[in-house]
Amino acid sequence: MIFEKLKRPIMKIFFICLLLILTDQYPLLSQPLQQTIRGKVTDKQSKNPLPGANIVVVGTDPVLGSSTDVDGNFQISAVPVGRAQINISFIGYHSVTIPNLLVSSGKELVINIELEEKIMQAGEIIVRASADKSGTTHDMASVSARTFSVEESQRFAGARNDVSRMATVFAGVQAANDQVNDIVIRGNSPFGLLWRFEGVDIPNPNHFGQLGATGGPVSMLNNNVLTNSDFFTGAFPSDYGNAIAGVFDIRMRNGNDENYEFLGQIGFNGAELGAEGPICRKSKSSFLANYRYSAMGLMNNLGLNPGTGSGIPYYQDLNLKVKLPLGEKHQIDLFALGGLSHINFINSEVKPDDRNEDFYTDGDVDVYYKVRTGVFGISDTWRISSSAYMKTTLALTAMQNTSRVDSITFDRENNYEIQNVFKNYYNNDFVNSRLFASGFYHKKVNARFNFRTGLFFSKMFFQLQDSVFRQYQNGYINVVNDNGNTWLLQPYIQGQYHFSDKWTLNAGLHAMYLGLNGSNSLEPRMGFNYYIDENQKVSLGYGLHGQMLPIQSYFTRSRDASGMEFTPNTGLDLLQSRHVVLAYDRMLAPGFRLKAEAYHQHISDVAIDDKSSAFSVLNLGSFSGGPSDSLVSKGKGENLGIELTLEKFMSKGYYFLITGSLFDSKYLASDGIWRSTAFDGGYVLNGLGGWEKPFKVKAGKDNVRKLLFDIRITTAGGQRYTPLDLEQSIEEGRAVYQRINAFTHQFRNYFRADVRIAYRVDGKKAAQEWAFDVQNLSNRANPFGMQFNRTLGRESIQNQLGIFPMMQYRIEF
C-alpha cells in the first residue's frame, strides 16, 4: 500500500530534521517578544457593533486592555507571546471569558466576539465564548453541538490537519476506516452528513472522494484559513436540511486588513503557501489565499522516487476569500474552494506474484481515477438597522468523477502479461453542478426574542454515465446513463425566546421539496435549555430531518423481460429521521467540563430492494458500491445510545478529552429482518491529551521555545462484515457473499494509539514549528473487510492502516 511504503523515507527525514532543531542557533536580541490582539465585539443576535465594550488581558502587569470604538473594533498592543486569557464586558450584557488564546510572534491574533444581552440584571450567568467549546457559534443550537477551533485540528494527534479526522474524537463519532476521512455519527452512514461552507451546501470536499459521498483520503478544506466552526451530531436547528446524521458548518476567517502575513508549510498533506493582507486599509478590505500541492506528486515531478510505485497521488487545492466592506451597512464576501486530484494504480506493470489487493484496488486490475471539485460564491451582508440584518448568497458548485478499470490476465508459466479480450472492464463519468442561492433575514425583537427566516434553493445539473462489461453478454451494460436537471427548495424559520436567564426555547420549521419527483417534507425542530445554575444546564432537543439520496441513485437502470432499459428509482421519497436528545452539561470547576447525552433516532422511508433482500442505503459509504437497480422507500432504521464527555480545556500547560459512546444501530430491509447496520460497532472510547512545556532561554536570546506532546488512544467495537460463501466463490472465481447473513459477523475490537511531538519557536519576525506524528503507534492490524483471494482460493482479511509516521514543518511570518 502507498502508506506502508512511505514509512522508511519519512523516518530518515524526521531524524535529520530533529538534529537540525537541536543544534539551531538564534541571534542575540534583547527586546521581549510581543504581539497585537485585535478584533470586533458585536451583539450575538443582531450582529450590531457594541461601542464601549471593555477588553482586558487577564494576568498582565501592568494591566493590558482596550475599549471598542464606534464600530466595535478594539486593539491591544504589546501582548506577550504565549498563552493569553481575555475578558470582555459591556453594560447590560453577559460577560465573556476566552481562555488560553495562542499568541504567536509570526501572526497577529484577530478575534471576533459576540455578547448576549441579559434578560435580568441580577444573578448574572457567565456565558463563556466558543473558545471553551461549551457553546457554539450558532446561537440557536440546543443539543448535540460543539464548536471546534483551528488549533485543535492542527494539534490533535492523528488529525492530519483534517477537521473530519479531528471530529472522530468527539462523543458519538467514529471513523469509518483509517484510509479515508468518512465519519460515522451515531451509527449513521457517512452519506448522512452535510458539508456547509460559507453558508453554501457543497459537494464532497475531499480529494479522491466520490460523488454523493462525504469523505475521501485527503481533505481540500485547508485548516489554515478556517475560523471557529460548528459541528452537529443530531437534532440540529431548522436552518440546516438535507441531512439525517450531522452537519459540518465550516467558516473561513477574514484576511488581516492591516498587515501582510505569510505562511509556508510542508508535510505529508503537501507543500503549501499562504498569504493574506489588506486590499485597502482605509476601507478594511482584505484577501486570504492558500494553495497546496501534494508532497508525493511534487517529489515525483522533481525526479525523486516517493516509494509508492505507480500509485502516486497527485492533488492540488486552493482556498480563497476576499472581504469587501461597502460603507457601514454592507459587506461583500467572495470565496472559492477548488481541488484537482488523480491517481493511477497500474498493476499490469507489476509481476503477478508481487501484486497486492488493498483498500483501493484488487491486484488484477489497472485503475485510473480522477476528481475535480469547485465552489465559487459571493455573499452580501446588509445591516438593515441596529436590530436586524440580512444575508444573501449566490454560488456555483461542481464535481466530476471519472474512472476507468482495465482487467488483467497473465500466463503464470511464462510470467508475462496477456491482455484480456475485454481489457476495458468499467467506465464512469459523473458530473454534478449546482446553482445555489440562499438568503435569510434575522431580527432581534428584544432581549428575549429573536428569529431568523430564509430559504435555500439549488438548481442541479447532472451528466451521469456508468457502464460495466458483462462477459455473459459479451458487451457493456449501462448502470447509469442520464443527463438532465432538477431542483431542491428548502425554506425555514427559526426563533429563540428567553423566558429568563435560565430558560430558553429554540423552535423552528424546515421544509424540503424535490422537483425531480415532487417528494417533500415538513420538519419541526425544537429545543429547550434550562440553566440550573451558572455551572450546569439540562437540554432537550427534537428534530425531524429529511434527506434526498445521492443524485445517481435515482437514475440506476434496470431491464424488463424484453431487455429494454428503464429507471425505476426516480420516484424514491426523501429519507425521514426523527431525532430526540436529552443532555446534561456541567462545569465541574473552571476549565473542567462534564457532558452526557442520550438519544434515539428513528429513520423511515429508507430505500431498500423491491424484492426480498438485505440491502439498505443506510449501509452505504465511500468505496462501498452503489445502490440496487430497483428500490422502494419502505425501509426503516433505529439508532439509540448514550454518550459521555469529560474534558479539561487547555490551562496550566495541559488539556485532556475523554469520550465514550454506547450505541445500537439497526435496520429493516425488504426481507423483513432487523439487522445490525454496517456501522453498529456497539461502543467507542477515546482518550486524548496534550502537554506543552516552554523552554528556558538564555539571557539575551529573543525567542520563545516550546515542546508540545499529544497522544490519543481509541478503542471501539470491531467492524461488521458479511461472510463469504467460500464454496460458491471458488466455483465462480469471484467473491460471493452470504447476503442473508449481512453484517452478522464482527471482527475483533479496534485499537489505535497516535502520538504527536512538536517543537515550536517564536522568533522576533517569525514563528516556526517542526512536528512529528505517528499514527497507529503499536502497528495493530485492525481488520476492515473480508475478501476472497482468487489465487489461493480462500478468505483473506483486509486490514486498515498500519503504523504510519508523518512529519511537518510550518512557518508564519
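In this predicted model, Phe-788 has Glu-795 in β46 as its bridge partner. The two strands involved are β45, covering residues 783-789, and β46, covering residues 794-799, and they pair in the antiparallel sense over 6 bridges. Together β45 and β46 form a hairpin, with 4 residues between them.

A parallel pairing is found elsewhere in the chain, between strand β11 (residues 193-197) and strand β16 (residues 246-250), which are joined over 5 bridges. Within this pair, Trp-195 stands opposite Phe-248 of β16. Strands of a sheet pair through backbone hydrogen bonds, in either the parallel or the antiparallel sense. Strands β11 and β16 belong to an open sheet of 5 strands, whose order is β8-β15-β16-β11-β12 and whose pairing is mixed. At its edges are β8 (145-148) and β12 (200-201), each of which pairs on one side only.

The next topic is the surface. A nonpolar patch there is formed by Met-526, Phe-528, Ile-532, Val-538, Leu-540, Val-580 and Leu-582, and together these residues have about 530 Å² of accessible area. Met-526 is a member of the patch and lies in strand β30. Its relative accessible area is 41%, so Met-526 is classed as partly exposed, a class that runs between the limits of 20% and 50%. In a regular strand, side chains alternate between the two faces of the sheet.

Another partly exposed residue is Ile-384, at 31% relative accessibility. Ile-384 is located in strand β22, which spans residues 365-385. Leaving aside residues up to four places away in sequence, Ile-384 touches Lys-329, Tyr-389, Met-390 and Tyr-441. The fold also places Ile-384 and Ser-46 with their C-alpha atoms 9.9 Å apart, although 338 residues separate the two along the chain.

Notes
Residues are numbered from 1 along each chain as its sequence is written. This is a predicted model: local features need pLDDT of at least 70, side-chain atom pairs count only at pLDDT 80 or more; totals for chains, interfaces and linings use all residues. Side-chain values use heavy atoms; hydrogens and water are left out. Buried means under 20% relative accessible area, exposed over 50%, partly exposed in between (1.4 Å probe, protein chains only). Contact means heavy atoms within 4.5 Å. Two strands pair if DSSP finds at least two bridges between them. Patches are made of residues with over 30% relative accessible area and no salt bridge: like charges are joined within 9 Å, nonpolar side chains (Val, Leu, Ile, Met, Phe, Trp, Tyr) within 5 Å. Accessible areas come from the Shrake-Rupley method with a 1.4 Å probe; for residues, only the protein chains shown count as cover. A salt bridge is a side-chain nitrogen of Lys or Arg within 4 Å of a carboxyl oxygen of Asp or Glu.
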